[in-house]
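Student: Please go through this model with me and say what each label rests on. I would like the cut-offs stated along with the values.

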Amino acid sequence: LAHIPIFQTVAYTSFVLKALVIAVNGKISDTEQEQMNNDRAAFRQRQLLNHLRPANLGEAMSSIQLNPTSAGDSSAYPRRASSDDDVVIVSALRTAVCKAKRGGFKDTPADDLLSAVLKATLEQTGVEAQAIGDIVVGSVLGPSSQRANESRIAMFLAGFPESVPVRTVNRQCSSGLQAIADVAAAISAGYYTIGIGAGVETMSLNPMAWEGGVNPRIAECPSAQSCLLPMGVTSENVAAKYGVSRETQDKFAAQSHARMAAAQAAGKFDAEIVPVATKLKDPKTGEEKDVVIRADDGVRAGTTAAGLGKLRAVFKKDGSTTAGNSSQVSDGAAASLLMTRREAVRRGLPILAIWRGFSAVGVDPAVMGIGPSVAIPDVVRRAGLSLDDVDVYEINEAFASQATFCVDHLELDPAKVNPNGGAIAMGHPLGATGARATATLLHEMQRRGAAARFGVVSMCIGSGMGAAALFESGGEVDSLKFAHPKHAQDHLSRDASV
């Protein structure tokens, strides 16, 4: 008994004495037998618990001790809070992003772009069209009622039945991300189990313009006046207020092109891009030819900061914002398919990412580009994380001035931000950008595997806002499409039988 703690020694002694009494009397009642069994079981439990006591209690401990293993808690992946009710993304696709007026989609209507990604989403996942609870489409420039009708037309062209509803949402440059957030919220609320968040913009056919007059009352409110500032002027305001030099902006822009050119050459966008069969019209002859658009056409390989430095400022005399360090006006569409984890497991679909949060914030409209610097910390904090916990950031490059400011202000590692380039090189189809950036981020996280657990999509928003969404990498097990259904736990932990 030398190695048994005193409280266990007493119990053991009591057990032995009872055994001696029985041996002397030669018989035992049923009650005594039951008590003996209970005492024996209790003693064994105490012995097992003793083996789990910390190893620093001296030589009196049992030789069987609990020690940490190289696997930490013995799992092959980081533990995480997961639930069958988690909202997950199982597909994130986009069209190529093409230059407005001059690119591959200059003659392609919005409903053709949108129907292409909606159809591909169903084909990739095998989800029945009638199972979709709602389709939410982000769009900015298209006339409101017309774009809503075009979205309905697009879903019919993609093969959806009349029973599936659709609507549009407009929160300026974050509209595509807002569409995804709206679907995630609806699934969380139990309105439906499966939904699509999408975005589309045809800046070739719907140029930026103000319709109608301006309310004279804005003269009484400086913030209201700032809502009418051209976006390029707000970029100049950011550069001036926060000291972002022309050289810094041109260097950032050149890096965007270099990173995107390298990613495109390596085929990194292939898995997220849906080829679109369309027509291109010759502006001189009017002749049409059939084409299939498979690649982004805005990137300029070989772009240098020195070359960009020769461009003149566009929005302000002696300013620093140029066509070269601003995002390109573009055409494109994107869509993400969301559902509960339970539904994804039931269908055997691989989980690209888990939706972990969304934040939309307001900032001074005169420096609207700083929006991500407020929205990103907010969504990360709400999830109980720090900025350092995020492995990849996809921040829309509306202008090099504001993108540079946000990265510097948040003290982000530049290597984590837009590793495959951004809107300066790719383009910024306003209503589609949030959904496009989501597709790019999730595919990048998937390529990195365990090296990218958390990712953020963020952008500034015209009239003075910022938005950000947080994603967690898809699963703690191999892709669920390779898993067999598990109908019993077999005494294993839940993690072992997802």
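**Labels and their cut-offs**

Tutor: Of the contacts in the chain between residues at least 6 apart in sequence, 79% join residues at least 24 apart. A contact here means heavy atoms within 4.5 Å. This is a predicted model, in which local features need pLDDT of at least 70 and side-chain atom pairs count only at pLDDT 80 or more, while totals for chains, interfaces and linings use all residues. Residues are numbered from 1 along each chain as its sequence is written, and side-chain values use heavy atoms, with hydrogens and water left out.

Student: How many helices and strands does the chain have?

Tutor: There are 14 helices and 12 strands. They are DSSP runs numbered from the N terminus: helices are H or I with at least four residues, and strands are E with at least two.

Student: Why is S174 called buried?

Tutor: Buried means under 20% relative accessible area, exposed means over 50%, and partly exposed lies in between, with a 1.4 Å probe and protein chains only. S174 has a relative accessible area of 0%, so it is buried. S174 sits in the loop between β4 (166-169) and α5 (175-189). Apart from neighbours within four places in sequence, S174 contacts M459, I461 and A467. For the chain, buried residues make up 49% of the 498 residues.

Student: Why does Q172 get another label, partly exposed?

Tutor: Q172 has a relative accessible area of 30%, so it is partly exposed. Q172 also lies in the loop between β4 and α5. Its phi is near 50°, a positive value in a residue other than glycine.

Student: What is the phi of N418, and is N418 buried or exposed?

Tutor: The phi of N418 is positive, about 45°, although N418 is not a glycine. N418 counts as buried because its relative accessibility is 2%. The loop that holds N418 runs between α12 and α13 (423-426).

Student: Which residues does I395 contact, and why is I395 called buried?

Tutor: Leaving aside neighbours within four places in sequence, I395 touches P372, I376, L412, V417, N418 and S458. I395 has a relative accessible area of 2%, so it is buried. It belongs to strand β10 (residues 392-395).

Student: Why are α7 and α12 called oblique?

Tutor: Two packed helices are described by the angle between their axes and the distance between the axes. Axes are lines fitted to C-alpha atoms, for helices over the stretch in contact, and angles between N-to-C directions run from 0 to 180 degrees. Under 35 degrees is roughly parallel, over 145 roughly antiparallel, 65 to 115 roughly perpendicular, and the rest oblique. Helix α7 (residues 231-242) and helix α12 (residues 400-409) pack at about 40°, with axes 8 Å apart. The pair is therefore oblique.

Student: What is the hand of the crossing of α7 and α12, and which residues meet?

Tutor: α7 passes α12 in a left-handed crossing. A crossing is left-handed if the near helix is turned anticlockwise from the far one by less than a right angle, and right-handed if clockwise. S235, V238, A239 and Y242 of α7 meet S401, Q402 and F405 of α12. By class, this contact has four nonpolar, three polar and no charged residues. Ala, Val, Leu, Ile, Met, Phe, Trp, Tyr, Cys and Pro count as nonpolar, Asp, Glu, Lys and Arg as charged, and the others, Gly among them, as polar.

Student: Why are α3 and α4 called oblique?

Tutor: Helix α3 (residues 110-125) and helix α4 (residues 144-157) pack at about 45°, with axes 8 Å apart. They are therefore oblique to each other. Their crossing is right-handed. The contact of α3 with α4 has seven nonpolar, two polar and four charged residues.

Student: How many aromatic pairs are there, and what makes W355 and F358 a stacked pair?

Tutor: Rings of Phe, Tyr and Trp (its six-membered ring) pair if their centres lie within 6.5 Å; planes under 30 degrees apart are stacked, over 60 edge-to-face, and the rest tilted. The count comes to three aromatic pairs. W355 and F358 have ring centres 6.4 Å apart and planes at 25°, so the pair is stacked.

Student: Why is W355 with F471 called edge-to-face?

Tutor: Their ring centres are 5.3 Å apart and the planes stand at 80°, so the pair is edge-to-face. W355 lies in strand β9 (residues 353-362) and F471 in strand β12 (residues 465-473), so the pair ties together parts 116 residues apart in sequence. Ring pairs link W355, F358 and F471 into a cluster. W355 and F471 are buried, whereas F358, at 23% relative accessibility, counts as partly exposed.
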